[in-house]
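Trainee: Can you walk me through a few features of this one? I'd like to start with the strands.
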Amino acid sequence: MTKEMIISSSAHETRVAILEDDQVAEIFIEREHQRGVVGNLYKGRVSKVLPGMQSAFVDLGLERDGFLYVSDVIATFEEFDRLETDEDDVAPAGNGAANGLRRPGPADSGASGGGPGFSGGGPGGRGGRRDRERERGPEPKIEELLKEGQEIIVQVAKEPIGTKGARLTSHATMPGRFLVFMPTVDHVGVSRKIDSREERSRLRGIVREFREQHGFTGGVIIRAAAAGRPKDDIVSDLSYFHKVWTEIRQKSETSRAPAVVYREQSLVAKLLRDLLTEEYSAIRIDNEQEFRRVFELIERIMPPLAPKVKLYNKEYPIFEEYGVQAEIDRALRSKVWLKSGGSIVINQTEALVAIDVNTGRYVGKKTAGRLEDTILKTNLEAVKEIVRQIRLRDLGGIIVLDFIDMEEKKNRQKVFQTVEQELRKDRSPSKALQVSDFGLVIITRKRVKQSLERVLTEPCPYCAGAAVIKSRSTICYEILSEVKKISGDLDGQSLVLRVNPDIARALRDEERAVFKELKQSIGREIAVKPDVQLHHEQFDLMAVG
């Protein structure tokens with residue numbers, strides 16, 4: 001598979017598209033006045049502790065308070081094991097480290113050791129999980145760990161979405177190109193994707209030597225990308241972490257809560273850090289200043305790829321040139337047509353995403369064939385497009401796929417296996433579950449930030465986001481009912497009915513019988529006055545004379 005990264009940068013926003021075999025696979029957008037907060041570290045203040053939910057709200061100085069579960073405060077050695085196993089899936093702020101990162105307050109009961117003002121790292125050994133659970137005993141409750149008004153250092157794990165505040169964690173993780181830094185753990189781990197015992201030992205030795213020479217505290221996971229890299233590359237990451245963590249600790253001591261003490265890197269820097277591999281054939285950028293920054297960064301972290309950084313200097317917009325804008329426009333529509341003539345319909349709700357598969361215009365081959373074969377072909381084609389759209393639109397949470405019913409079990413199984421196979425291309429952790437014989441498949445996908453639709457659109461002010469309005473007939477019947485209800489209170493010789501022009505036309509044409517009944521019910525003349533300023537569903541009745 002060949003990949004390209006297309007970067008469109010301006011003073012107002014940065015947009016990045018990932019192309020896989022010339023097809024748009026992922027879109028990332030960052031606006032200057034709406035920069036994401038995932039990965040940022042905040043010195044917050046606990047605004048409310050909820051024992052019934054074993055969680056707390058933390059004031060970060062954002063529009064809404066962040067949400068912190070008890071499991072994201074206490075030590076979790078299992079998380080360290082998970083990161084060491086699957087370090088390539090580390091988000092800028094995941095449920096990462098093996099110990100809480102917080103300022104000691106009245107609720108503190110543990111020993112410290114991770115540096116002044118922070119709770120400490122746990123034991124460096126890696127005993128069995130059951131042994132650790134026995135040693136740890138019962139998990140503490142949120143009310144024992146946090147008190148209202150207490151200052152706490154937290155990291156944003158998930159962006160605020162809809163009416164929900166940011167999801168927080170005190171298990172801070174800071175990914176670098178070759179390492180993942182966890183400030184409050186005293187342990188050095190190596191990705192299990194590095195098989196060579198000699199290479200694992202060499203990399204551990206580099207990290208331990210640096211820690212001893214510089215008094216560097218904190219846990220480190222050595223990523224798979226570090227395999228075969230020279231010592232200078234590893235030390236460069238370590239020096240960066242050492243510098244940043246020192247600055248964070250100084251800011252946390254001098255800043256008044258709520259305050260940001262560390263801001264995650266720009267969108268382009270994050271993507272190059274986390275995604276760049278030899279698979280990329282080109283990185284195209286339409287802004288000269290951004291081009292220089294990217295070229296310098298790649299020269300430092302992956303010198304062989306520096307010649308692949310290209311400056312795009314045509315007048316024609318870069319996203320139009322490579323077909324990205326057309327894909328974005330299609331991603332904002334609910335219906336997506338398949339090449340065969342079938343279609344999928346995607347509907348996002350607050351609770352879940354529903355995706356329905358239809359045969360549409362596809363009726364199978366002209367030669368004799370079975371209906372089951374037509375359905376299977378449509379479903380298999382739909383699977384690839386569904387997973388592509390999930391990645392492109394960045395859909396998360398619970399996703400329900402409603403495939404066309406298939407009678408044969410082997411065909412249902414084939415479709416489900418194809419779903420699992422396509423999901424392996426996705427970097428976001430996901431899981432598929434076949435829940436019925438009627439073609440339903442449920443996918444759960446980790447949601448870190450807002451979907452593409454939520455970033456690029458806002459609720460329709462006319463329908464208030466409902467996507468429907470009352471029909472003309474319904475409005476006419478409501479007017480009749482309302483007039484009958486208040487007719488006794490109306491004075492004057494005649495009445496003026498102000499309505500939207502669409503409703504005025506309906507009262508003259510298809511609903512003229514309703515208008516006739518309206519006049520008969522009150523025994524007076526009614527003048528209908530169209531008013532374009534009125535909403536489709538609004539009407540106003542006034543007595544005159």
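Mentor: A definition to begin with: two strands pair if DSSP finds at least two bridges between them. Keep in mind that this is a predicted model.

Trainee: OK. In which sense do E20 and E21 pair, and over how many bridges?
Mentor: Strand E20, residues 430–434, pairs with strand E21, residues 440–445, in the antiparallel sense, over five bridges. Ser430 stands opposite Arg445 in E21.

Trainee: What about the hairpin, which residue there takes a positive phi?
Mentor: Gly439, with a phi near 100°. The hairpin of E20 and E21 has five residues between the strands.

Trainee: Switching to rings. How many aromatic pairs are there?
Mentor: The structure holds nine. One of them is Phe210 with Phe216: the ring centres are 5.7 Å apart and the planes are at 80°, so this pair is edge-to-face, the cut-off for that class being over 60 degrees.

Trainee: Are Phe210 and Phe216 buried or exposed?
Mentor: Phe210 is buried, at a relative accessible area of 4%, and Phe216 is buried, also at 4%.

Trainee: Which cluster do ring pairs make?
Mentor: Ring pairs link Phe210 and Phe216 with Phe181, Tyr240, Phe241 and Trp245 into a cluster.

Trainee: Now helices. How do H9 and H10 cross?
Mentor: The axes of H9 (residues 324–331) and H10 (residues 371–393) come within 11 Å and cross at roughly 100°. The two helices are therefore roughly perpendicular to each other.

Trainee: Which residues make the contact?
Mentor: From H9, Glu327, Arg330 and Ala331; from H10, Arg388, Gln389, Leu392 and Arg393. They divide into four charged, two nonpolar and one polar.

Definitions and conventions
Residues numbered from 1 in each chain as written. Predicted model: local features only at pLDDT ≥ 70, side-chain atom pairs only at ≥ 80, totals over all residues. Heavy atoms only, no water. Phe/Tyr/Trp six-rings, centres within 6.5 Å; stacked < 30°, edge-to-face > 60°. Buried < 20%, exposed > 50% of the residue type's maximum accessible area, 1.4 Å probe, protein only. Helix = DSSP H or I, 4+ residues; strand = E, 2+ residues; numbered from the N terminus. Axes fitted to C-alpha atoms, helices over the stretch in contact; angles between N-to-C directions. Parallel < 35°, antiparallel > 145°, perpendicular 65-115°, else oblique. Contact = heavy atoms within 4.5 Å. Nonpolar A, V, L, I, M, F, W, Y, C, P; charged D, E, K, R; others polar.
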